[in-house]
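Let's take a friendly walk through a protein model, with its aromatic rings as our guide.

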Amino acid sequence: MGGTYWQNVRNSFMPEFISMNAMMAGMAPVMAILMMGRDMRAMWPGEMLFWGVMAFGIGVGFATAFPFNVWLVAKQLKHGLMTARDGEQKEDATNRELSERPASRKMRMSHQSKAHRTLNASHQQHMSHGDSHQHGEELPPALAPTRTQIAAMAGFSLIMLAGGYAYPFTQVNMSLSAHDVGRAIMAPGMIMTFDTPGDAMKDMAAVDPRGVTFTASADARGAAVLEPRIENGVKVFGLTASVIRWTILPGVTVEAYAYNNQVPGPTLCVTEGDRVRINVKNYLPESTTVHWHGLILPNEMDGPAMITQKPIEPGQSFSYEYTVGQRGTYFYHTHDHVDRQQALGLYGALIIDPKNPADVIPADAEYLVQLQEWIKRDWLTFPSMPMEGALPNYFTINGKSYPATETVHMKVGQTLKVRFIGSNTTAIHPMHIHGGPFEVAAVDGETLAPSARYLADTVNIAPGQRYDVLWQARRPGKWLIHCHISHHTTNNNVETQGGGGLMLVIDVTGD
């Protein structure tokens, strides 16, 4: 640049002030919104997405600053990358002349050297007098920048910078750090505002596929009966919570939170009066607990995190022990980060047989129906919630969507006991059985007296609610059990082989 240090500072300060303001005005909102938008991996330097966002933001910054830089170069307030300075052009011309006359080089060396020194001295003198070329003094007066123009450009770029920094505060929560949100990825359509808490983001985020520790076979079934071991008269069960990959339809998998590598978790079958102990091991990326829905038991065994017990942290264990004092259809589910964990599969049935065989509701066969909803978007699994961007697009009975649901086989004249469990739902599901009405025999584990029972063909299964119904196979054929909300009998809004989602077939034969 030539000149003294402070001369160079004075000459370059205002052009660089304008240029950098414009560049940061473009970079700041783009990078802030992308890093705190849908995919929080953009905040972590260890993720490739971080560097992609950085590169994109810098590109937007350069594009924003480009018109300002063009104006600054045109007004000779700064040099462009390809701008050649006059002194450099003259020096290059002199050097070319020297190289083109090698034969007379010795004869004219003294003269050329003197000319070269004189040219350099002239160039240095030119630069030491304030670099007039750089500040537009060689432009015609009509084109030379005025102090007012320079001040206006500086002021406008400063306003742009202030706006670029302020705008993200109206769109995303700028008070959060990468450690507050982890590597959360929000569902498409999820509304993220400037006051959305970091904990909410983590609860609504997709399951990280890199956290999967087990992939179940495509034909694996959930709700398998878990046999206990007996220790000093106590029935002991073991539940392990972890992240798995689970197939709900051929070719459609979800990343699920599961007990014992299955969705739903294993069915626990006990008898009224049993002493039970359930050892729970947590291999999830967050804390958890287990609640025994509807049971009368000691308060410290009830399961709500931070209320009756400390959460079970990742890698830790907890034992629940109590005496079963009821009978009927119950279930268990997580009670820590409930909206996330239960929506991802942490639940299972708890069937309590009566101590007195006479209290059994008789039937020729029985089938357990546990309802769940899922959201799978952009190859990622999100917890289904009744809010924007989190509404479900897949629905399962016992972890499978029709036509992957099981078929119940019966004969004409037989009675089927269906145990409906609203294990995890964001809606009330009107469950209907074709082929005639059924008898409602029990509600929420409580057996109805014969005089209180009633006939129906549809029952509304609310979240957490249970119904035991008795359906008689009156005629041969294929009879459906399904939700009567039409969307809930589709798979990602598509019907497959006549339906989807919350649907299964009762196949009744005549013999």
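Are Trp292 and Tyr320 buried or exposed? Both residues are buried, where buried means under 20% relative accessible area, exposed over 50%, and partly exposed in between (1.4 Å probe, protein chains only). Before we go on, note that this is a predicted model: local features need pLDDT of at least 70, side-chain atom pairs count only at pLDDT 80 or more, and totals for chains, interfaces and linings use all residues. Residues are numbered from 1 along each chain as its sequence is written, and side-chain values use heavy atoms, with hydrogens and water left out.

Now for the rings: the structure holds eight aromatic pairs. Rings of Phe, Tyr and Trp (its six-membered ring) pair if their centres lie within 6.5 Å; planes under 30 degrees apart count as stacked, over 60 as edge-to-face and the rest as tilted. The centres of Phe68 and Phe156 are 6.2 Å apart and their planes are at 20°, so this pair is stacked. Because Phe68 lies in helix 2 (residues 48–74) and Phe156 in helix 5 (residues 147–171), the pair ties together parts that are 88 residues apart in sequence. Helices (H or I, at least four residues) and strands (E, at least two) are DSSP runs, numbered from the N terminus. Phe68 counts as buried, at 7% relative accessibility, while Phe156 counts as partly exposed, at 46%.

Back to Trp292 and Tyr320: they form an edge-to-face pair, 5.6 Å centre to centre with 75° between the planes. Trp292 lies in strand 7 (residues 290–293) and Tyr320 in strand 8 (residues 317–323), so this pair ties together parts 28 residues apart in sequence. Ring pairs also link Tyr259, Trp292, Phe318, Tyr320, Tyr322 and Tyr332 into a cluster.
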